[in-house]
Amino acid sequence: MKTIKVNIVTPDGPVSETEAEMVIAATEFGEIGVLPGHIAMVAPLQIGALRLKNGNSTVNVAVHGGFIEVRPDVVTILAQSAELAANIDIDRAKLAAKRAEEALKEKKDDLDMQLAELNLRRAITRIKVYEMR
Ligand code: ATP
C-alpha cells in the first residue's frame, strides 16, 4: 500500500513525523479521509481524534483545533496542542474534565463559560483517544 507522510506540529515542536496509508481527520466541515495523492487543501480542525491507519493498525492522536494542510505526498497538522494516545496522562485529563464541569456549573460570564467548554472538549477528546488505544 502507498503511504503519505504525516507531520504533526505544535508551538512546542514536532509531535510526530510518520507515514500512513490513510489519515482521518475531523475538520470543521466534517470528517475527511486522506489517501496518498489527495488534492491540495487546507481546512480548520475540530477538537477531536486524528486517526493514522496502516493496515489493521491505527494510531490515534488527540488534536486540539488548528489546521490540516493536505498536499499529494504530505499531510501537515498544525495545532496548539496534540498528543499521541500513548503520551496522554489519563489522570490529568480526568481532573481537567472535572474542573471544567465544575466551572460550567458555576455559570459565570460568557467568556468563562466558553473557556470552560473548550477545556472540557479538550479533556473529553484526551479521554476518548486514550480509551481508543
Ligand atoms: P490542563 O488543565 O491539564 O493543563 P489543558 O487542556 O489546559 O489541560 P493545554 O493547554 O491544552 O492543557 O496543553 C498544555 C500542554 O500540556 C500541551 O503541551 C499539551 O499537549 C499538554 N497536555 C495537557 N493535558 C495533557 C494530558 N492529559 N496528557 C498529556 N499531555 C497533556
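How far apart do the end C-alpha atoms of residues 4-82 lie, and how much of the span is helix and how much strand? These end atoms are separated by 19 Å, and the span is 0% helix and 72% strand. Helices (H or I, at least four residues) and strands (E, at least two) are DSSP runs, numbered from the N terminus.

The structure is a predicted model, in which local features need pLDDT of at least 70 and side-chain atom pairs count only at pLDDT 80 or more, while totals for chains, interfaces and linings use all residues. Residues are numbered from 1 along each chain as its sequence is written, and side-chain values use heavy atoms, with hydrogens and water left out.

**Domains and annotations**

The chain is divided into domain 1 (4-85) and domain 2 (89-131); such bounds come from an automatic or database domain assignment. The centres of domain 1 and domain 2, taken over C-alpha atoms, are 23 Å apart. Seven residues of domain 2 are in contact with 10 residues of domain 1, where contact means heavy atoms within 4.5 Å.

UniProt positions are given in the numbering used here, feature names are shortened, and annotations may be inferred rather than shown by experiment.

| UniProt annotation (unreviewed entry) | Residues | End C-alpha separation | Helix and strand content |
|---|---|---|---|
| domain: ATP synthase F1 complex delta/epsilon subunit N-terminal | residues 4-82 | 19 Å | 0% helix, 72% strand |
| coiled-coil region | residues 90-121 | 14 Å | 88% helix, 0% strand |

**Salt bridges**

Side chains of opposite charge can pair when their charged atoms come close. The structure holds four salt bridges, a salt bridge being a side-chain nitrogen of Lys or Arg within 4 Å of a carboxyl oxygen of Asp or Glu.

One of them joins the side chains of glutamate 31 and arginine 51, with an N to O distance of 2.9 Å. This pair links distant parts of the chain, since glutamate 31 belongs to strand β4 (residues 30-34) and arginine 51 to strand β6 (residues 47-54), 20 residues apart. Glutamate 31 counts as exposed because its relative accessibility is 56%, whereas arginine 51, with a relative accessible area of 23%, is partly exposed. The classes are set as follows: buried is under 20% relative accessible area, exposed is over 50%, and partly exposed lies in between (1.4 Å probe, protein chains only).

A salt bridge also forms between arginine 126 and glutamate 83, at 2.8 Å from N to O. Arginine 126 lies in helix α2 and glutamate 83 in strand β10 (residues 82-84), so this pair ties together parts that are 43 residues apart in sequence. Glutamate 83 is buried, its relative accessible area being 17%. In the salt bridge of glutamate 106 with lysine 108, the closest N and O atoms are 3.4 Å apart.

**Individual residues**

Threonine 125 is likewise part of helix α2 (residues 110-131). With a relative accessibility of 8%, threonine 125 counts as buried. Residues up to four places away in sequence aside, threonine 125 touches Ile47, Gly48, Ala49, Ala62 and His64.

Strand β2 (residues 13-20) contains serine 16, and glutamate 17 is found in strand β2 as well. Is serine 16 buried or exposed? Serine 16 counts as buried because its relative accessibility is 12%; glutamate 17, at 61%, counts as exposed. Not counting residues up to four places away in sequence, serine 16 touches Val6, Asn7, Ile8 and Leu84. The C-alpha atoms of glutamate 17 and asparagine 7 are 4.6 Å apart in space, although the two residues are 10 residues apart in sequence.

Lysine 2 is located in the segment before β1 (4-10) and is exposed, with a relative accessible area of 67%. Its C-alpha atom is separated by 8.4 Å from that of alanine 20, 18 residues apart along the chain. Beyond residues up to four places away in sequence, lysine 2 touches Ala20, Glu21 and Pro36.

**A nonpolar surface patch**

Val42, Phe67 and Leu78 form a nonpolar patch on the surface, and together they have about 300 Å² of accessible area. Patches are made of residues with over 30% relative accessible area and no salt bridge; like charges are joined within 9 Å and nonpolar side chains (Val, Leu, Ile, Met, Phe, Trp, Tyr) within 5 Å. Accessible areas come from the Shrake-Rupley method with a 1.4 Å probe, and for residues only the protein chains shown count as cover. Leucine 78 is found in strand β9 (residues 74-78) and counts as partly exposed, at 48% relative accessibility.
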